[in-house]
Amino acid sequence: MGHAFEPSRIEKTLENLGLLTNRTEETTKQRQRRGVDDVERIAPDGQLVSYPDPSDWHDWVEYEASGEPREYSVVPTACFNCEAGCGLLTYIDKSTGEIRKIEGNPEHPGSRGRNCAKGPATVNQIKDPQRIEYPLKRDGPRGSGQWKRISWDEVLGDIASRMRDAIEDGRENEITYHVGRPGHEDYMDRVINAWGLDGHNSHTNICSAGARAGYGLWHKYDRPSSDFANAEFILLLSAHLESGHYFNPHAQRIMEGIMEGGQLAVLDPRLSNTAAMADFWLPSQPGSEAAVLLAMANVILENDLYDTAFLRNWVNWQQFLDAEYPDRERTFETYLDTLSELYADFTPAYAEAESGVPAATIRKVGRKIGLAGDRFATHIWRSAASGNEGGWQVSRTLHFLNVLTGSVGTEGGTAPNAWHKYSPDLPREPPRQKLWDELQLPREYPFAHYELSQLLPYFLKEGRGKLAVYFTRVFNPVYTYPDGFSWIEALTDEDLVECHVALTPTWNETAYFADYVLPMGHSPERHDIQSQETHAGTWVTYRQPVLREYAEREGEDVERTYEANPGEVWEEDEFWMDLSWRVDEDGDLGIREYFESPYRDDEDGEPAQMTVDEYYRYVFEHDDALVEAAEATGMAPLEYMKHHGAFEASSNEYAVHERPLDESILEEDDVWVDDYGTIRRGEEPEHDSASDTSEVLGVMVDGEPKRGWPTPSGKQEFYSKTMAEWGWDDLEYTIPHYLKSHVHPENIDYEAGEMVLVPTFRLPTAIHSRSSNSKWLEEISHNNPVWLHSKDAERMGLETGDLVRVETDIGYFVNEVWVTESIKPGIAAMSHHMGQWKVNREDVEFDEGGDPYGKVTVDLDNDESMWGMRQVEGIHPFESDDPDSERVWWNDGGVAQNLTHAPHPDPISGMHCWHQKVTVKPAAADDYYGDIFVDTDRAMEIYREWLDKTGEAEGPDGLRRPKWLKRPITPPTEPGEDDAWHVDGPVGRAERWDPESRTAEDS
């Protein structure tokens, strides 16, 4: 019996009214009336179901349109085409041993069997006729397009030798791992700690660091987990239903909440599909969102719609009054009066003047939020927090609404993401590395979430350091990041980057400038575990190489995943294991021990190298709930996960902060309660200071010890004493406030044709830079025109399809326009997807470009800092083993706008501020579609202008960064072990950067 169809409440109502066929209880008479019984069935009754039952997955029969049966082995995995990690089922044709189709996995607690277009399109990626199937090494100058095939043994030998030399020479932090889409839980943290270096870098500061910083200042957790399905009111600052964070699982639950009577409001200058579905669309001026949110807070305060108990018990209001209003009586009533005073000027009228959103709408939405109380769910994805200088205050003010209404961690409210994230126990856990890499987290950005990855080429070109071995994994900064030409300049300079290793499932613009291109697997070709905060529960999904699993089901012995994958496509998990084993050949570096099997020795009695199955066996065997579930089915935990593909570890996780602590803890000698009710362990300081090293254990609430929050106060930090201690002591920074953006209207000369460019939305059928080898996705979406309001188009004499030149601070791009009413006047919008390119290589035999479904061919021109790009060939039909390749009907591949964007690192969060002032004008006579021009010298000047906005290079007690805030792969924080946290501590480089002189000097 398959998984039964469960109609929604609305569908049941329509069935009862006879407006919709009853699909679950249809009678024989009804079927006869519809003529169903007159149709010859192609399968016996009961065998046509929504999903095959898991017990039948290895022996599953489906019928072709012809009526012929086809036998499948169905193997679960997880999607890798966005951050959501939705479940997939791969149907492996037993007659050919090939993956024939991919559908959703109904066993997955997050996606529940449903997928967006990107999931099933995975089958295009694995069958891409131009995919890289073997490891390649450059066979000419870097960037020349000349490559030769080599063996994995040669790859491992050379890279391991380079790494070993760097480690032995004390240059550990010249090894950097730079990741775009991680797709796994804690795996690389463990590897990098084992290497003993601070080499983790990520894409977060061009994605979500602005929002993360705002949330982190409240409670350390840096993402929300919204209980949409149970919410009475939902406020989104994003196009969430079609392209937001975890948008498929979230979209399902948002719609469920709405179908149960909840309402939806969307704050977005663009009429997205989500905004079109909302009860309230608030088209705000970019950068004004915090003013709108504070006006809503004002409405809640004025109408006494706040949650008194939550504010009194869980907000650090006493600390705030002591710091900012020491002459006022320290009472909760004083705090409420002070709140009303502080936000009195943020009226709906003021917010309307800043944003253009009608005051009446702001007032109505504010009241509805207050009335929803603790069933108020919010979310922000990229959007305003990623677009604007000071964008971190957007998420900070958004969460302020949750705090005011007491909807933090409640049913129907908004919880911290870590409450709903799976945290695995790992085998052979290494100690934390003890270095600090200033190329990743420079001292100018103590609050950055996370590494300043978008500034790496400027740091290298300035002389802050160099890279001995640089890994880019599913990461394409030349295309995805601002000012990709500065990346090309850095990557082609072998004095700055000695060895660049690109681990990628497909060709990309960054891999063109690598020394090694190593083919890594798509989602059905790799091992990972992934967990995301899709609802008020915790799940983990097991991404596995399905052809390897199928081979093992059939009794074959597969030693390495590339033996079962197409060609020699490998996976990172085994690659890092084998590479680490080679780096420490004799065990003298102390690395090898962390990659030894926890279960066995080799035939000589020496520790054996850990296998990938042993790694995940250990993880799954150390989860008690998973062990129990597996035992109930008669399976071992690893077998259970291979079979089902996902596991729900917990559900209905609410009010974690209210969980009680054992009262006996208060009787311990080194435990004390401070003046604000925070329970601490350690030496009690003589006065409240930044040097307080005591550990926060919890909070006293009504005389009972509670778990609380992982902050310096143990509470929600309305007031950030940390910001004040680090020199940002104005109220605009220490409390939720409104910081005017760099694209505030007072900075835009509309009369001179200047506009605000909003490039922070994406298309739901695009995968950053990994869509171009999917024929289905490229057929659906293959261009990214500039959205212009009809008033702006009329002013410039433009119609849909006309070419415009969009001039930025460092250059320009040429694109078509789409004239629409779905954008605010004065705003130009353009999807950050599309425009992928390959270099015209007429003089090179090797077909480097690949991905002909979505990459245009371009000529690159370079004269010192001046770069130009012109498209010379669009998308076209081509010959391959796939007959569809000759049916390609589109020739447009979009425009690579990011190349023309200047670096705009926010001085607090480090987030690249994507919104920018541009001039939009009709294209000149010699402008062609897709033309790009950039001056990288001007980009360097702008980088330095933004760098000058940052604060002091050293914090209290010589710290580089507040210890309690999140950072990747954290060095030890314990006194005596925390040298890396101090400016005079170990950097791990041969040179130390002097930010005053902007030159390199000896350590």
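Let's start with a single residue in this predicted model: Glu977 is partly exposed, with 39% of relative accessible area. Its partner is Lys434, and the two form a salt bridge in which the closest N and O atoms sit 3.1 Å apart. What makes this pair worth a look is where its ends come from. Lys434 belongs to the loop between β14 (414-416) and α18 (456-462), while Glu977 belongs to the loop between α30 (936-947) and β37 (991-994), so the bridge links distant parts of the chain, 543 residues apart. Lys434 is partly exposed too, at 46% relative accessibility.

Side chains of opposite charge can pair when their charged atoms come close.

| Pair | N to O distance |
|---|---|
| Lys434 and Glu977 | 3.1 Å |
| Arg681 and Asp670 | 3.6 Å |
| Lys721 and Glu725 | 3.7 Å |

Take the Arg681 and Asp670 bridge. Arg681 lies in strand β24 (residues 678-681), and Asp670 is in the loop between β22 (646-651) and β23 (671-673), so this pair ties together parts that are 11 residues apart in sequence. Arg681 has a relative accessibility of 25%, which counts as partly exposed, and Asp670 is in that class as well, with 34%.

Now for Lys721 and Glu725, whose side chains also meet in a salt bridge. Both sit in helix α26 (residues 721-725), and because they are four residues apart there, about one helical turn separates them. Is Lys721 buried or exposed? With 18% relative accessibility, Lys721 counts as buried, because the cut-off for buried is under 20%. Glu725, at 29%, is partly exposed.

Salt bridges can also join up into a network here: Arg548, Glu549, Glu552, Arg553, Glu574, Asp613 and Lys642 are linked in that way.

**Two helices that cross**

Two packed helices are described by the angle between their axes and the distance between the axes. For helix α4 (residues 152-168) and helix α22 (residues 572-583), the axes come within 8 Å and cross at roughly 55°. That angle makes α4 oblique to α22, and the crossing is right-handed.

Which residues of α22 make the contact? They are Phe575, Asp578, Leu579, Arg582 and Val583. On the α4 side, the contact residues include Trp152, Leu156, Ile159, Met163 and Ile167. Sorted by class, the contact of α4 with α22 has 10 nonpolar, one polar and four charged residues.

**A few backbone details**

The bond in question runs from His449 to Tyr450, with omega near -5°.

Two residues other than glycine have a positive phi. One is Asn652, with phi near 55°. Asn652 is placed in the loop between β22 and β23, and at 56% relative accessibility this residue counts as exposed. The other is Glu864, with a positive phi of about 55° although it is not a glycine. Glu864 is found in the loop between β33 (856-863) and β34 (866-873), and its relative accessibility of 72% makes Glu864 exposed.

Definitions and conventions. Residues are numbered from 1 along each chain as its sequence is written. This is a predicted model: local features need pLDDT of at least 70, side-chain atom pairs count only at pLDDT 80 or more; totals for chains, interfaces and linings use all residues. Side-chain values use heavy atoms; hydrogens and water are left out. A salt bridge is a side-chain nitrogen of Lys or Arg within 4 Å of a carboxyl oxygen of Asp or Glu. Buried means under 20% relative accessible area, exposed over 50%, partly exposed in between (1.4 Å probe, protein chains only). Axes are lines fitted to C-alpha atoms, for helices over the stretch in contact, and angles run from 0 to 180 degrees between N-to-C directions. Angles under 35 degrees count as roughly parallel, over 145 as roughly antiparallel, 65 to 115 as roughly perpendicular and the rest as oblique. A crossing is left-handed if the near helix is turned anticlockwise from the far one by less than a right angle, and right-handed if clockwise. Contact means heavy atoms within 4.5 Å. Ala, Val, Leu, Ile, Met, Phe, Trp, Tyr, Cys and Pro count as nonpolar, Asp, Glu, Lys and Arg as charged, and the others, Gly among them, as polar.
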